[in-house]
Amino acid sequence: MPLTSSVEAAQLRQRATKLRALAQRLNGVRVLDCYRAAGTDTWVGPSPQRCDDALRGILATLRADADALSRQARRFDRLADEIDQRSRLTGPH
Amino acid sequence: MALLAYDPERLAYLKTHLIAATDELRTIRTTDPAAAEAMQSVATIRNEIDQVWLPLITRILESAALTDTWWFSPDIGENLQDSLVAVMANGYGWSVQPDPLNYQRTGVTAAEARALGAMLNQADVLALASDREQLRWLAQQLLTIGQDPSLSANFLANFDSWPTLTYVFGQEHAQNDRPDITVIFDGLMMIWTHTLPPDALTVGKLATLDALLPPIDDVDPYVQALMVRSLHPDALTAATLTFELLTRWLALKNDWRFTFDRPGRLRTGTGQNAADLLLPLLLNDPAACVWLSKLAASNPAILFETLNDPELAYQVVLTGTDPANTTSPAAGQAVLAILDYFRINPYTRAGFDTDGHPGDYGQFLGSMVAPWLLQFTMGNNDWPATDGRKAALLRVALHDEQAMARLIADAERIRVGFTQTLSTYDIAAANQVGGLLNLLLQLSVNERVADEMASDDDRLNLLWTVVGVASAFLPGGPLVGIASGIALTTISSKLNEYLDQPDPTGVRRSAERAMDLALTLAGADALSGLHRQWVADGRVRASHPQPPAVQVTAVQVPVDVPGDDGWCPSAEYHDDFDQWRRDLPGGINGGLSRQANDLLGAFIGTSAAQSNCAEIAG
């Protein structure tokens, strides 16, 4: 159904836009920089070392999540394009 | 209890930063299921900060604020365990308090590794060496750091006390042989290993101390030995380093210089020397023993004047010159040099003291030459030495009673040497064996003349040992008669009794006659073996007369061995032999006759004894 296909493609593009925005946000949150303030210039000892390790782990986790969101956004865009292409090939009724 | 040091202002900033970060995370929302995983991460992160790290930081900051003073241990600065905290408190004026989470960590952080390195630079190492509990802790820390290249780099970035630390600990080890000091060296060198190229500990013959050890001016060789041992190089590398180290050790010793393990004339060191630490590293690797034996050929004192326990050097040389591990020329280089070293009574050498160890070297020399007896003979050209020098050096080994006893008992080692050198059942083998018997007997004659009272029958016993072993290689196979002949035992005993007379000229003549008789017996038995082989091969009939026997029996010996009557066993036997071989198929000029003549000629007919004997016989 051309009309339905068009709506579906638009919805996918909308979701892709939001996911891309979320990824961008995750890449810029303040918590990513916290490890800079938690190193041996600030405190030392077993617990501080664990805290430092944890904050560096957060950095890696959020970066990976942001990458995954971006990939998913690209998949949605591609799907939307395929839907539009199929719609053009079948033509208006 | 774990301690925690911090900069209050920076920690407060971290707290503010984390609060802002979690506030921000709370604003992140989405309902798209495709973002569920990311949102789960966000929630987890927010919870961890809210429930773990912010409460911890708040507690630390409030604790200081409540007391208005920062907790400070009076022991800080004296206890290595708190070195990290000490560095932060004393060096930076930070606050210190117990870690609220009180982790019982066994690991080491990069900061702790750096701090430990710095603290060791200023530690009272003498006090530390006597504090066994702290040493145990230090050893554990060093080993933990040493397992991690990054931690090791952090430690070494601050640690620059190699000279002091290794000097004090090395001296303590030399005096008290403490295993806990060894573990400290293990830890330090494990850390140091990370600064070396990957193959540094396996470079073998190319190894140098400078390339492998931390640079320390005028380092004591004993300290170097401890460091090399703790580096755990492969055995060939250890052998190369050992030679370099002991060369310097010996130079210091000869210069009456102080080393930990050679404290000087007024003090007697009884513990391990540097060499005692190093040589055990080689013993399980024959190639390393071969290499050190070869190196030591240039200066055998390296092996015999550096050890507290000379047995270690003996084991290295015996392994390094064993036919199973090396070639004849390589073994010859070491064997000849070592015999040359022992040519002078080693106890007359200033350096040959063994810290009270008995240092009996006779058995060692006997074992060392056992597999190489043939290489001392004229007919063997394996070793680049004149016949005279070879004979003189073999005499060095045979001069010692214990060496003789070892050789007699070591028939298997002699057999191994023969196996390496001789082709079985070859006339050339008979020639070499005959040459060896001649050499041994000539040495025996000389020895008896040099010491009229030498009445022991060790040298004749050695002869029987050699004959017994060698006969397996002779044409005709094993010598049954010699190996098991009761007459021979009686003969040697009676001859010794007879030879025990205080007259040098008489002794020489008698000893030469004994030699002539012994060689004749061996030759006759070899002929018997050859004859048995001919019969077995069908080359002569079974009814064909056997080769003549030497006309000496237990009954005849005391009667038939007079002092100066011209009795000459080999001459008499030759007459009988010539008669016998005329009747061989082909006659006296036939192939069998020539073969028999060659075999007998290997035993009698070449030595000075025969000519002497011929003179006696007129």
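Reader: What is the handedness of the crossing of H8(B) and H9(B)?
Author: In this predicted model, the crossing that H8(B) makes with H9(B) is left-handed.

Reader: And which residues make the contact there?
Author: On the side of H8(B) the contact is made by B:Phe169, B:Glu172 and B:His173, while H9(B) brings B:Ile181, B:Thr182, B:Ile184 and B:Phe185. Sorted by class, the residues of this contact are 4 nonpolar, 2 polar and 1 charged.

Reader: At what angle do the two helices pack, and how far apart are their axes?
Author: Helix H8, residues 162-176 of chain B, and helix H9, residues 179-193 of chain B, pack at about 145 degrees, and their axes are 9 Å apart.

Reader: Okay, new topic. I clicked on B:Pro329, so where is that placed?
Author: B:Pro329 belongs to helix H17 of chain B, which covers residues 328-343.

Reader: Is B:Pro329 buried or exposed, and why?
Author: B:Pro329 counts as exposed, because there are 11 C-beta neighbours inside 10 Å, and a residue is called exposed if that count is 12 or fewer.

Reader: Leaving aside neighbours within four places in sequence, what is B:Pro329 in contact with?
Author: With those neighbours left aside, B:Pro329 is in contact with B:Asp382 and B:Trp383. The C-alpha atoms of B:Pro329 and B:Trp383 are separated by 5.8 Å, although the two residues are 54 residues apart along the chain.

Reader: Now chain A. What is its secondary structure, and in which order do the elements run?
Author: Chain A has 2 helices and 1 strand, and from the N terminus on they run α-β-α. The chain has 93 residues, of which 34% count as buried. Among the contacts in chain A with a separation of 6 or more, 83% are between residues 24 or more positions apart.

Reader: How many residues of chain A are in contact with chain B?
Author: There are 31 residues of chain A in contact with 37 residues of chain B. On the side of chain A that touches chain B, helix H1 (2-26), strand E1 (43-44) and helix H2 (46-90) each supply at least two residues.

Reader: Which of them gives the most to that side?
Author: H2(A) gives the most, with 13 residues.

Reader: And how does that side of chain A divide by class?
Author: The side of chain A that touches chain B has 18 nonpolar residues, together with 7 polar and 6 charged ones.

Conventions: Residues numbered from 1 in each chain as written. Chains lettered and ligands numbered in written order. Predicted model: local features only at pLDDT ≥ 70, side-chain atom pairs only at ≥ 80, totals over all residues. Contact = placed C-beta atoms within 7 Å. Helix = DSSP H or I, 4+ residues; strand = E, 2+ residues; numbered from the N terminus. Nonpolar A, V, L, I, M, F, W, Y, C, P; charged D, E, K, R; others polar. Buried ≥ 20, exposed ≤ 12 C-beta atoms within 10 Å, placed from the backbone. Axes fitted to C-alpha atoms, helices over the stretch in contact; angles between N-to-C directions. Left-handed = near helix turned anticlockwise from the far one by under 90°.
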